[in-house]
Amino acid sequence: MNNQAHLKSPAKIDANWRRWIAENLMLGTPPEALIPILVQNGVSAGEARSEIDLAINSPYLHGAKRLANRLAKRNWVLAIQQQLNKLGDNAIERRERLSGDDFLQQYYRLNRPVIITGMLEHFEARTKWNLDYFAQRFAERVVEVQFGRNADDRYEMNSIAHKRQMKFGEYVELVRHAGASNDFYMTANNDSRNREALKELWDDIGALPEYLDESRGRQGFFWFGPQGTITPFHHDLTNNFMMQIVGRKKVRLMAPCESSRVYNHRHCFTDVDAKNVDLTKFPAMAGVPIVECVLEPGEILFLPVGWWHHVEGLDMSVTIAVTNFRWHNDFYSNYPTDHEF
C-alpha cells in the first residue's frame, strides 16, 4: 500500500486521494483496507465507501486494468526466457574470424553476445596507439573529458554536468600518472567535440566490411581512460561493437529479459551495482544471471541492443565503439519518449 503521509487531511476526497485509491486498487489492495485510512484523514465512512465503489465500477479503471493485464502477459513472456536462460551455460563465446553471415545468423539476429577474435590485426592503431604517440601527435588539441565522477554516484546519468575541456596532452599525462582512477574518463558522451579534435586517429582504424557499413566513412566513439574506470550498468538503444585497441576490460552482462528485475528507474539506467549486488536494497535481483568476460586487446565484443552491461577498465585502455552495422540497427525510433520508469 502506498504511503499517504505526505497528503493533507481533506474535508472531502480530492484528486490526490482519488489517484491514491485508484493506484492501491490497481496494486490489489482490498477495498476494505482503504476505508480506515480515509476515515483517519477526515473522510466519513459513507463517503469513503461511496468513492471506492465509484472507482471499482469506473470504466477508466477497467481500461487501466486491461492494460495492466497486457503488461502482465508481456512479463510472462519475458519470464519464460528468464527460466530458459538458467538451464545452460551462458558464457560468452569466442569465435575466431567469424564470417559476416555466421555473425548475422548466429548472433546479430538472435540478440546474442559474442567475442570475435583475429579481426583487428590490420588496424594500425593496434601497434601505434600508446601514451607517447598520443602525447607527441595530439598534445595541443583541445578535447572534452568527463571529470569529477567520484563525487557523483550517478555520474553517467549526469554526464553533461561532468564535461570539461583541456589539452589532450594534459589528459594523457593525467592518465599516465593516475594509477587506478574512475574520476576522469574520455567517453562516447564527449564524442561531438573529440571526433573533430582527434580526427586523424580514424586513419589508424581499418575496415571491417564483413560487419560494418562504411558508405558514410569511418564511424565510432573513442573511449580512453586509466585503469579503474567504471561504466555502470546500463543498456544501449542500438547494437554495438566494442573494439578493444589497448588494455583489457571486464564486462558484466545481463540479458534484456531481466529488465523487470534490474530496478530501471530512468531511461537506460539502474542503481544496481553489478560488482556488488545489494539484495537487501534490490531483492528482485536474487538469482539474476550476470555473465562476466574479459575483453583482451585485439578482440571485439558484440553488445546486442537491450543487454545491460557494466564495464571496468582493468588496465589503461582505449576502446572504439561502433554502431554502423550492415543490418537494421534502428531500435531507438520507437523507444518510449517518457524516460521515467
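A cavity, on a 1 Å grid over the protein atoms alone, is a set of points where a 1.4 Å probe fits but cannot get out, and its lining residues have an atom within 4 Å of a point. Keep that in mind.

This is a predicted model, where local features need pLDDT of at least 70, side-chain atom pairs count only at pLDDT 80 or more, and totals for linings use all residues. Residues are numbered from 1 along each chain, and side-chain values use heavy atoms, without hydrogens or water.

Now the largest cavity. Its lining includes Phe 123, Ile 205, Gly 206, Arg 218 and Asn 324.

Next, the second largest cavity. Asp 191, Asn 194, Arg 195, Leu 198, Leu 201, Trp 202 and Phe 222 line it.

Phe 222 brings us to the core. A nonpolar core is a set of buried Ala, Val, Leu, Ile, Met, Phe, Trp, Tyr and Cys residues joined through side-chain atoms within 4.5 Å. Buried means under 20% relative accessible area, with a 1.4 Å probe and protein chains only. The largest core has 48 residues, and Phe 222 and Trp 129 are among those with the most contacts inside it. Look at Trp 129. Beyond four places in sequence, its contacts (heavy atoms within 4.5 Å) include Leu 201, Ile 205 and Phe 222.

Last, cysteines. Cys 257 is buried, at 5% relative accessible area. Cys 293 is buried too, at 7%.

Note on methods. Buried means under 20% relative accessible area, exposed over 50%, partly exposed in between (1.4 Å probe, protein chains only). On a 1 Å grid over the protein atoms alone, a cavity is a set of points where a 1.4 Å probe fits but cannot get out, and a pocket is an open set with protein on both sides within 12 Å along at least five of seven lines; lining residues have an atom within 4 Å of a point.
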